[in-house]
Structures are given as structure tokens and as C-alpha cells.
Amino acid sequence: MAMTMNGEVQLAASREAVWAKLNDPEVLKACIPGCEELEKTDETSFRATAKMKVGPVSARFKGRVTLSDLDPPNGYKISGEGEGGVAGFAKGGATVALTEKDGGTLLSYNVEAQIGGKLAQLGQRLINGAAKKLADEFFANFGKAVQG
């Protein structure tokens, strides 16, 4: 099952400050809902573990995250894939763009993902709702982290 999602969030911080936080594993780990581990393995890669619950399916996903198309402080592409055992798998990516706006920074994102296994059997509406909730939670946390 494939899904797409996009949105934007206005942050009260400079583009450079937002860029620095987007590249800080400790900040990302604290902001990603259910993230238990986010460890930098090299300059642009991380190993991650996150516990997720979507409807009746709960799973611990282990996987990798890679940053590419780095264009500081304008944006990057973040890609990842994870295995959740019997719950299935998830893989996808997001293009993140930062632009100066209203004395702060506008962060825009476009997400494309594929999921399979038990998760894919839950239905598009439940999956999309859960994905939107996770994205909203991440950006609420990230907004707080950026603004100190």
C-alpha cells in the first residue's frame, strides 16, 4: 500500500537553527513518536528503533535512515526503511524544504511511503489517519525543540 502526505509548519527560529536541529540525532530521537533508538552510523546515516501502534497492530520497527540531497540550510531528503516482524514493513522518504518567512522559517515536507504485511491490511483510512497523527506529533515536538 502506498501513501503520500504533505504539509508545512511555521517555526519561530532562523533557517540555520532549524537546519542544525534537523541534523541532530538527539533532537530527532526526542521528537519522533515512539523512537527508542536513533544512532548515527556515519555522516548521513542512522540506525533506528521505534515502537508504533496503528489501530490493533503494535510493533517495534528496526531500520535505517539516510539523509541525501543535502543543501544546507535549504533542505534535504530523508529516507528510511524498517522491519516490524509480523506487523510488516515500512519504507519511504520525505523531501524537507526550509524557507525564510515572517521572521522565522517555513518547513515544508512531502512524504511518500509504502507499507506491507499486517499493517497494509488495516485499510487506507486508518493508515492515513495514523500517519497524519504521527506527523502532527513530530512537528509539535520539533517546534518546541527548535524554540528552546
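Trainee: How many salt bridges does the structure hold?

Mentor: The structure holds 6 of them. Before we go through some, keep in mind that this is a predicted model, where local features need pLDDT of at least 70, side-chain atom pairs count only at pLDDT 80 or more, and totals for chains, interfaces and linings use all residues. Residues are numbered from 1 along each chain as its sequence is written, and side-chain values use heavy atoms, with hydrogens and water left out.

Trainee: Why is the meeting of Arg-60 and Glu-36 called a salt bridge?

Mentor: The term asks for a side-chain nitrogen of Lys or Arg within 4 Å of a carboxyl oxygen of Asp or Glu. Arg-60 and Glu-36 have an N to O distance of 2.7 Å, so the pair qualifies.

Trainee: What makes that pair a link between separate parts of the chain?

Mentor: Arg-60 lies in strand E4 and Glu-36 in strand E2, so the pair ties together parts that are 24 residues apart in sequence. Strands here are DSSP runs of E with at least two residues, helices are runs of H or I with at least four, and the numbering starts from the N terminus.

Trainee: Which class of accessibility do Arg-60 and Glu-36 fall into?

Mentor: Buried means under 20% relative accessible area, exposed means over 50%, and partly exposed is in between (1.4 Å probe, protein chains only). Arg-60 comes out at 40% and Glu-36 at 34%, so each is called partly exposed.

Trainee: What is the salt-bridge partner of Arg-47?

Mentor: Glu-39, at 2.9 Å from N to O. Arg-47 is partly exposed at 38%, and Glu-39 is partly exposed at 36%.

Trainee: How do you know that Glu-137 and Lys-133 make a salt bridge?

Mentor: Their closest N and O atoms are 3.9 Å apart, so the pair still passes the cut-off. Glu-137 and Lys-133 both lie in helix H3, 4 residues apart, about one turn of the helix. Glu-137 is partly exposed at 34%, whereas Lys-133, at 55%, counts as exposed.

Trainee: On to the sheet. What is the strand order?

Mentor: E1-E7-E6-E5-E4-E3-E2, an open sheet of 7 strands with antiparallel pairing. What makes strand E1 (2-11) and strand E2 (35-42) the edge strands is that each pairs on one side only. From one strand to the next, the twist averages 20°.

Trainee: How many bridges join E4 to E5?

Mentor: There are 8, and E4 and E5 run antiparallel. A hairpin of 3 residues connects them, and Lys-62 stands opposite Glu-83 in E5.

Trainee: What does H1 touch on the sheet?

Mentor: H1 packs on it with contacts to E1, E4, strand E5 (75-83), E6 and E7, and its direction makes about 165° with that of E6. Contact here means heavy atoms within 4.5 Å. For the angle, axes are lines fitted to C-alpha atoms, for helices over the stretch in contact, and values run from 0 to 180 degrees between N-to-C directions. Helix H3 (residues 124-146) lies across E1, E3 and E7, at about 25° to E1.

Trainee: Why is Asn-23 called buried?

Mentor: Its relative accessibility is 19%, so Asn-23 lands in the buried class. Asn-23 sits in the loop between helix H1 (15-22) and H2, and touches Lys-40, Leu-67, Leu-70 and Tyr-76, leaving aside residues up to four places away in sequence.

Trainee: And why are Ala-30 and Asp-102 called exposed?

Mentor: Ala-30 has 61% and Asp-102 has 70%, so both values clear the exposed cut-off. Ala-30 is in helix H2 (residues 25-31), while Asp-102 is in the loop between strand E6 (89-101) and strand E7 (104-116).

Definitions and conventions: Two strands pair if DSSP finds at least two bridges between them.
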